[in-house]
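Here is a short briefing to read alongside the structure. Take a moment to turn the model around on your screen, and then follow the topics one by one.

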Amino acid sequence: MIELKNITKVYETGGETVNALRGIDLQFRENDFVSILGPSGCGKTTLLNIIGGLDQYTEGDLVINGTSTREYNDRDWDTYRNHSVGFVFQSYNLIPHQTVLSNVEMALTLSGVKKKERRERAIKALEAVGLGDQLNKRPAQMSGGQMQRVAIARAIVNDPEIILADEPTGALDTETSVQVMEILKDISRDRLVVMVTHNPDLAERYSTRVINMLDGKILGDSRPLTEQEVRDGRDIAREKLALRTRASPS
């Protein structure tokens with residue numbers, strides 16, 4: 001379970017102090033489709049980046065499966081990002097000169113997966129998003145919707161626990177946006193998907209939980225965890241941590 005405890009984020013830019021996040025307390029279920037809504041500059045993307053380990057909080061604590069990240073070093077964050085989180089961005093972030101298959105395989109390179117297994121897993125991920133017949137195309141030969149599906153395949157190929165999507169439909173037309181949302185909804189059946197969006201209609205239609213933000217604070221939460229869910233999630237996290245500790249070499 002992911003928990004944010006009184007998270008604040010302060011930026012110093014040009015001699016000015018910007019309070020991007022102001023005491024965020026949130027817990028997330030292991031499988032859920034969460035949309036974060038709010039105007040530009042409200043802290044949505046900052047929150048997403050902190051959950052994904054792309055940015056560091058100023059105060060508070062991010063607790064991952066029962067473990068505080070306050071003492072995380074660079075290697076800990078790298079392990080978390082490479083194995084536990086998949087990222088989907090509005091701009092796709094694909095490598096233009098690489099094929100679709102190579103773009104997805106790239107996500108497995110840092111994990112030390114052997115070449116044959118990389119290829120097999122990349123093909124499986126592309127088939128899961130309906131692109132099993134597009135393996136050798138390059139991004140420039142694809143539509144925006146197809147490129148975003150490649151990005152989703154790249155995000156899921158490592159079988160992460162969490163998918164973080166920053167405006168994944170922001171550059172797409174309505175029909176293509178629906179296709180992408182259907183894929184993300186399907187993915188959320190067995191893992192956590194957290195999406196930042198400006199589109200309240202898509203969020204209400206596809207998400208199982210909608211969080212509204214303004215000025216770095218949570219204004220509303222359509223389905224917060226109950227106290228019992230939080231307790232159960234912490235108990236499960238402690239059990240998993242104990243199992244990992246016993247399994248680790250001394």
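The residues lining the second largest pocket of this predicted model divide into 7 nonpolar, no polar and 6 charged. That pocket has a volume of about 300 Å³, and the closest to its centre, out of 13 lining residues, are Lys124, Ala125, Ala128, Ile156 and Arg191. The points below fill in the rest of the picture.

**The second largest pocket: who builds it?**

- Helix H4 (115-128) and helix H6 (174-187) each supply at least two residues of the lining of the second largest pocket.
- Which of the elements gives the largest share of this lining? It is H4, with 4 residues.

**The largest pocket**

- About 460 Å³ of space lies in the largest pocket.
- Twenty residues line the largest pocket, and the closest to its centre are Arg81, Asn82, Phe87, Ala107 and Arg154.
- Two or more lining residues come from each of these elements: helix H2 (74-83), strand E6 (85-89), helix H3 (100-109) and helix H5 (144-156).
- E6 gives the most to this lining, with 4 residues.
- Sorted by kind, the lining of the largest pocket has 11 nonpolar, 6 polar and 3 charged residues.
- If you wonder how such spaces are found, rolling a probe the size of a water molecule over the atoms shows where empty space is left.

**The sheet of 6 strands**

- Follow the strands of this open sheet in the order E6-E7-E8-E3-E9-E10, and note that the pairing is mixed.
- Why is one side of E6 and of strand E10 (217-221) left without a neighbour in the sheet? Both stand at the edges, each with a single partner strand, so one side of each has no neighbour there.
- From one strand to the next, the twist averages 20 degrees.
- E6 runs parallel to strand E7 (residues 162-166), and 5 bridges join the two.
- Phenylalanine 87 has leucine 164 in E7 as its bridge partner, and Phe87 is also among the residues closest to the centre of the largest pocket.
- Elsewhere in the sheet, strand E3 (residues 32-37) and strand E9 (residues 209-214) run parallel and are joined by 4 bridges.
- Opposite serine 35 you will find valine 210 in E9.
- A handy rule while you look at strands: in a regular strand the side chains alternate between the two faces of the sheet.

**The sheet of 4 strands**

- This open sheet has the order E2-E1-E4-E5, with antiparallel pairing.
- Its edge strands are strand E2 (16-28) and strand E5 (67-68), and each pairs on one side only.
- Strand E1 (residues 2-13) and strand E4 (residues 59-64) run antiparallel, joined by 5 bridges.
- Lysine 5 has aspartate 61 in E4 as its bridge partner.

**Aromatic rings**

- How many aromatic pairs does a search of the whole structure find? The search finds 3.
- One of them joins tyrosine 72 and tryptophan 77 edge-to-face, at 4.9 Å centre to centre and with 70 degrees between the planes.
- Is tryptophan 77 buried or exposed? Tryptophan 77 has 5% relative accessibility, so it counts as buried, while tyrosine 72 counts as partly exposed because its value is 24%.
- The cut-off behind those labels is simple: buried means under 20% relative accessible area.
- Tryptophan 77 also pairs with tyrosine 80, again edge-to-face, at 6.0 Å centre to centre and with 70 degrees between the planes.
- These two residues, tryptophan 77 and tyrosine 80, both lie in helix H2, 3 residues apart, about one turn of the helix.
- An α-helix has 3.6 residues a turn, so residues three or four places apart point the same way.
- Both tryptophan 77 and tyrosine 80 are buried.
- Together, Tyr72, Trp77 and Tyr80 form one aromatic cluster.

**Helix H1 and what follows**

- Helix H1 (residues 44-51) is mostly covered, with 6 of its 8 residues buried.
- The buried residues are Lys44, Thr46, Leu47, Leu48, Ile50 and Ile51.
- Just after H1, glycine 53 takes a positive phi of about 75 degrees.

Terms used: Residues are numbered from 1 along each chain as its sequence is written. This is a predicted model: local features need pLDDT of at least 70, side-chain atom pairs count only at pLDDT 80 or more; totals for chains, interfaces and linings use all residues. Side-chain values use heavy atoms; hydrogens and water are left out. Buried means under 20% relative accessible area, exposed over 50%, partly exposed in between (1.4 Å probe, protein chains only). On a 1 Å grid over the protein atoms alone, a cavity is a set of points where a 1.4 Å probe fits but cannot get out, and a pocket is an open set with protein on both sides within 12 Å along at least five of seven lines; lining residues have an atom within 4 Å of a point. Grid points are joined across faces, edges and corners, and a volume is the space filled by probe spheres set on the points. Ala, Val, Leu, Ile, Met, Phe, Trp, Tyr, Cys and Pro count as nonpolar, Asp, Glu, Lys and Arg as charged, and the others, Gly among them, as polar. Two strands pair if DSSP finds at least two bridges between them. Axes are lines fitted to C-alpha atoms, for helices over the stretch in contact, and angles run from 0 to 180 degrees between N-to-C directions. Rings of Phe, Tyr and Trp (its six-membered ring) pair if their centres lie within 6.5 Å; planes under 30 degrees apart count as stacked, over 60 as edge-to-face and the rest as tilted.
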